[in-house]
Amino acid sequence: NQSHQASESFEKVKQLRPNDPSIWQQIGLTVEQMKGGQSARLYFEEALSSYDDLLARKPRDIISWTDRGTVLLKLNRPQEALDSYQKA
């Protein structure tokens with residue numbers, strides 16, 4: 001089953017790069033395509049948390065601020081997304 005294979009692949013990637021927010025974001029986007037937005041929410045929340053951790057260490061990382069905004073849009077938090085984009 002393709003969905004099961006994808007889940008196993010996600011688990012391997014998460015183990016290799018657990019603190020990389022873009023990994024969580026990409027997994028969220030893939031899950032969203034396969035199963036819908038609600039199924040992807042957990043991954044987007046994990047991506048947001050990882051971006052917050054990264055930006056605490058590197059507050060001038062423009063790409064991370066932008067990606068964080070995109071994740072916030074996926075979580076239906078448009079005002080916070082706009083704030084993130086403005087910081088970028």
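Does R41 count as buried, partly exposed or exposed, and at what relative accessibility? At 30% relative accessibility, R41 counts as partly exposed; buried means under 20% relative accessible area, exposed over 50%, and partly exposed in between (1.4 Å probe, protein chains only).

The model shown is predicted: local features need pLDDT of at least 70, side-chain atom pairs count only at pLDDT 80 or more, and totals for chains, interfaces and linings use all residues. Residues are numbered from 1 along each chain as its sequence is written, and side-chain values use heavy atoms, with hydrogens and water left out.

**View A. A salt bridge joins E45 and R41.** The N to O distance of this pair is 3.1 Å; a salt bridge is a side-chain nitrogen of Lys or Arg within 4 Å of a carboxyl oxygen of Asp or Glu. Both residues belong to helix α3 (residues 37–57) and stand four residues apart, about one turn of the helix. Helices (H or I, at least four residues) are DSSP runs, numbered from the N terminus. E45 is partly exposed, its relative accessible area being 36%.

**View B. D52 and R68 meet through their side chains in a salt bridge.** Here N and O lie 2.6 Å apart. The pair links distant parts of the chain, with D52 in helix α3 and R68 in helix α4, 16 residues apart. D52 is partly exposed at 33% relative accessibility, whereas R68 is buried at 14%.

**View C. E32 is paired with K74 in a salt bridge.** The closest N and O atoms are 2.8 Å apart. E32 lies in helix α2 (residues 21–35) and K74 in helix α4 (residues 62–74), so the pair ties together parts that are 42 residues apart in sequence. K74 has a relative accessible area of 36% and is partly exposed.

Methods. Helices (H or I, at least four residues) and strands (E, at least two) are DSSP runs, numbered from the N terminus.
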